[in-house]
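Here is a brief report on selected local features of one protein model. Please look at the sequence and structure first.

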Amino acid sequence: MARWCYRHRLVVLLVWVGALLGLGVSASGAGTNYAEVFSLPDTDSKRAYDLMERAFPERAGDTDTVVWKVDEGSVRDDSVRSRIEPALTEIGRMEGVGAVTDPYGEQGAAQISEDGRIAYAQVTFAEQADAVPKELVQDVVDTAQGAARDGLQVELGGQAITRVQEPPTGTAELVGILAAAIVLFVAFGSLFAMLLPIVVAVFGVGTGMFGTQLLSHVTNVPELATLLSTLIGLGVGIDYALFIVTRHRRGILRGADPEEAAVTALNTSGRAVLFAGGTVCIALAGMLVTNLRFLDGVVIGTTLTVVLSVLAAVTLLPALLGLLGHRVLSRRQRRRLAAEGPETEKVSGLAARWSAGVQRRPRSVAVLAVVLMAALAVPLLSLRLGTVDQGNDDASMTTRKAYDLLAEGFGPGFNGPLQVVVDGEASDGLVTVLEKTEGVAQVAAVPPANGVSVIQVVPTTSPQDAETDRLIDTLREDVIPGAGVEAHVGGVTAVSKDFATVTGERLPLFIGTIIGLGFLLLLLAFRSLVVPLTAAVMNLLAAAASFGVLVMIFQWGYGLDLLGLGKEGPIASFLPIIMLSLLFGLSMDYQVFLVSRMHEEWVHTRDNARAVRVGLAETSRVINSAALIMVCVFLAFVLSGDYGAAMAGVGLAAAVALDAFILRTALVPAVMHLLGKSNWWLPAGLEKRLPHLAVEPKEEEDAAAPTPSGVPGGPASVVHGFVRAADGEPVEGAAVTLLTAGGRQLDRVLSLADGAYIVSVPAPGTYLLAVTAAPYGSRAAHVTVADGPLVYDVELTPGEVDAVN
C-alpha cells in the first residue's frame with residue numbers, strides 16, 4: 001500500500017483534497033445539528049426533570065440575566081429606571097428575544113435585593129443558547145451595557161452571553177499548530193519536513209470534524225465532541241506523522257532510495273502507528289461501558305477523527321514523501337550525503353548517555369521517578385467532582401461579574417437554586433419543613449401547572465460548595481420522607497451532584513475495561529506478561545499524578561492567575577472519564593513505540609540490558625519531541641475561552657509530559673533493567689495459543705542493515721558489547737570487524753555514542769574480532785561463539801597494537 005501511494009502520489013493527493021473539500025462543502029450546506037443530550041437515568045434529578053418538562057413544556061429557549069447595581073441610592077430611583085427600562089424595552093423588541101421579565105412590574109419585587117442596590121431582569125431567547133445568533137447576543141450585551149454610567153454597573157450572565165466572550169474560533173488550534181511547527185523545525189531542521197506532520201494532521205482533523213458535523217444530523221452528537229476531536233486529532237495526527245517521517249529520513253541518510261525508505265518506514269513505523277491508533281480508539285470506546293448516553297456522540301466524533309488521522313498518516317504521508325523526494329532532508333544533510341555518502345546509524349550523544357546512565361543506576365532512577373510521581377499524586381486524595389459554572393470565569397468577564405453581583409444581592413445559593421418537584425399538589429407542610437431546614441435561605445412555591453408542583457429552594461451556600469451537596473442529601477433522605485410526600489430534587493446543581501455520583505460509581509468499571517483491553521493488546525504484540533502488566537501500573541501512576549496536578553491548579557488555585565483562568569472550584573464531573581480515555585490511549589502510543597524497539601533488539605540478541613538500552617537511546621528523542629508537541633497543542637486550549645476546555649487541556653498536557661518525560665524515559669526502562677529477562681516471560685502453553693501480531697517487523701529490506709556476506713537467511717547469532725577506553729569512557733566510532741579464521745570479512749560496524757556495538761555471526765565457531773579507533777590504535781582477539789549471543793567488551797589503549805597470530 002505504501003509503495004502504491006508513493007508511486008501514485010498525485011492521485012492520492014487529489015483524493016484527499018477532494019474528500020476534504022467535499023466534506024467541507026457538504027457540512028457547510030447542511031449546517032450543524034448538535035444535540036446536548038444529557039440524561040442520567042434512574043437518578044432523582046432525572047425524575048424531577050421529567051416532571052418539570054411536563055409542567056412547563058413551553059420553556060424551550062435559553063434564559064439569560066441582566067444584573068445592575070448602584071453605588072448609592074436604590075435601583076428604584078427614577079434616575080436608574082430612566083436608563084434601565086428603555087434598554088430592557090429595546091431588548092424585548094429584538095427579533096429572537098421571546099420575553100423580558102424586569103423587576104419594575106407588579107411581580108418583580110423578588111428581583112430586587114433587600115438593600116435595594118442590586119436588581120436583575122431575565123431575558124428569554126426563542127432558541128437554546130447554541131442556536132442564538134451571536135449578532136443578537138452582542139446586540140443584547142451592547143444595549144444593556146449602554147445603560148451603564150458612573151455609579152451604575154450593568155453586567156450580563158448566562159450561556160448565550162458566554163458565546164460572545166470567547167476568543168475567535170480557531171485561536172487555540174492555530175496557536176497549538178504554530179507551537180508544534182516550531183518544535184518540528186527544531187527537530188528536523190527542514191521546512192518541508194516540518195510541514196509534513198502539520199499537513200497530515202490538518203487533513204485528518206478537517207475531514208474528522210466535517211464528518212462529525214454531518215453525523216450530527218443522524219445521531220446525537222454534543223458540541224463538546226468537536227472540541228475533543230480537535231484536541232486529540234491534532235495531537236495524534238502530528239505525532240504519528242512525526243514517527244513515520246523520522247524513520248523515513250533515517251533510511252535516506254543511511255543510503256536508501258527515497259521510495260524504499262518510505263516503504264520501509266511505513267512497513268515498520270507505519271504498522272506501529274496503526275496499532276497505536278487502534279489502542280487510542282479502544283480507549284475512547286471504553287467510555288461506552290459507563291452507560292452515559294451523552295458520551296456516545298463524543299466517542300463517535302473522537303474515534304472518527306483518530307481513524308482518519310491514522311488513514312492520512314499511512315496513505316497521504318507516503319504520497320507527500322514521494323513529492324518531496326530528497327528534499328525531506330535539510331540542505332546541510334543533502335550536501336553531506338552527496339559529499340560523504342551514507343552515514344552509519346548512530347544515536348545522539350545525549351540520548352545514548354542518558355540511556356547508559358539509566359542502565360548503570362536503575363534503582364536510583366526508579367526511586368526518584370516513583371517519589372516524584374507519588375508526590376504529585378497526593379492531591380488526588382482531596383479530589384472533588386462538581387460543576388463548572390460562570391463563577392469560575394475570569395474576574396474581568398461580564399459573566400463572572402454578573403454571577404458575583406447576584407451572589408452579593410441575593411445570596412451565594414441564588415446562582416444554583418434547587419427545585420423540589422411534586423407529582424400533584426404540594427402540601428403547605430412540605431413548604432414549612434423546607435423553610436425550617438438548615439442550609440436553606442429561601443423557599444418559593446410556584447402555582448401548580450399540568451398537575452405538577454414546583455418549590456424553588458435557594459441554598460445558603462454556592463452551587464460548588466460541599467455544603468450544598470450535603471443539603472441535597474438531607475432533603476432527599478430526611479426532609480422529604482419526613483414530610484410524608486413523594487418529591488424529587490432537581491435543578492442544575494442537583495444534576496451535577498448526581499452526575500458526579502454516577503461517574504464515581506462507574507469509574508472503576510471503566511478503568512478496569514480499558515486497562516484490560518490494553519493488557520491484551522500488549523500481550524499479543526510483545527509476547528510477554530510482564531511488559532503489559534508494567535504498562536498498566538505505569539498508566540495508573542500517570543493518571544493519579546496528572547489528576548493531582550489538576551487538583552492543585554483548579555481546585556486549590558495554584559497558578560490559576562498565571563494561566564488567566566479565573567477562580568478555583570471542583571473538577572468538572574465529565575473530565576475523569578474523557579481525560580482517562582485520552583490519557584490511556586496516548587500512554588499506550590508511547591509504550592508501543594518504546595517497547596517495540598526494545599522487543600526487536602531482544603528478539604535479535606536475547607540480551608535484556610542491551611535491548612532496553614538501545615530501545616531507549618533510539619526512541620527517547622522522538623518520543624520526547626512527540627510529547628512536547630502534544631503538550632503545546634493541549635496547553636493552547638487554555639486560550640479557547642472555555643473553562644472546561646482549559647481544564648481538559650491543562651490536565652492532558654500534564655499527563656502527557658509526566659508520561660513521556662518521567663515514566664517512559666526514566667521509570668519504565670529502569671524497571672525493565674531491574675526485572676531483567678523476566679520482562680519477556682510468557683508461559684509456554686500461552687505462547688502456543690496466542691495469535692501472532694507483528695507491531696514493528698524486522699527491516700528485512702533495509703539495505704543498510706548488516707548482513708554477513710555469503711550467509712543465506714541472515715545471521716545465526718551475534719557478538720555484542722562495549723568499546724571503552726582504559727578509564728572506562730565509551731569510544732564512539734570505533735571500527736569493529738568480524739573475520740573468519742582465514743581472514744575473510746563477515747561484518748563491520750561502528751560503535752555508537754555509548755560505545756555499544758553488535759556484529760552478526762553466521763554460525764557457531766571461532767572468529768577473529770578486530771577493533772580500531774584513532775587515537776587508540778587496534779586490538780584483536782579470537783572469539784568463540786556457541787549457540788547463543790556472545791557478550792564481549794573491548795578495552796583500547798592509546799598507541800597500542802594487539803597482534804593475533
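The notes below cover a surface patch, a residue with its contacts, and the cysteines. The model is predicted.

**Surface patch**

F185, L191, F192, L195 and V199 make a nonpolar surface patch of about 410 Å². Helix α8 spans residues 191-215 and gives the most to this patch, with 4 residues. V199 lies in helix α8.

**Q591 and its surroundings**

Q591 sits in helix α21, which covers residues 575-605. Its relative accessible area is 1%, so Q591 is buried. The side chain of Q591 makes a polar contact of 2.4 Å with the side chain of R664. Neighbours within four places in sequence set aside, Q591 is in contact with L522, V531, A535, S596, R664 and V668.

**Cysteines**

How many disulfides does the count come to? The count is 0. C281 is in no disulfide: the nearest cysteine sulfur belongs to C5 and is 19 Å away. A disulfide would need the two sulfur atoms within 2.5 Å. C281 is buried, because its relative accessibility is 15% and the cut-off for buried is under 20%. C632 has a relative accessibility of 22%, so C632 counts as partly exposed.

**Accessibility values**

The table collects the residues discussed above.

| Residue | Relative accessibility | Class |
|---|---|---|
| Q591 | 1% | buried |
| C281 | 15% | buried |
| C632 | 22% | partly exposed |

Technical notes. Residues numbered from 1 in each chain as written. Predicted model: local features only at pLDDT ≥ 70, side-chain atom pairs only at ≥ 80, totals over all residues. Heavy atoms only, no water. Patch = residues over 30% accessible without salt bridge, like charges linked within 9 Å, V, L, I, M, F, W, Y side chains within 5 Å. Areas by Shrake-Rupley, 256 points an atom, 1.4 Å probe, with all protein chains shown as cover. Salt bridge = Lys/Arg side-chain N within 4 Å of Asp/Glu carboxyl O. Helix = DSSP H or I, 4+ residues; strand = E, 2+ residues; numbered from the N terminus. Buried < 20%, exposed > 50% of the residue type's maximum accessible area, 1.4 Å probe, protein only. Polar contact = N/O pair within 3.5 Å; in protein donor to acceptor, adjacent residues only side chain to side chain. Contact = heavy atoms within 4.5 Å.
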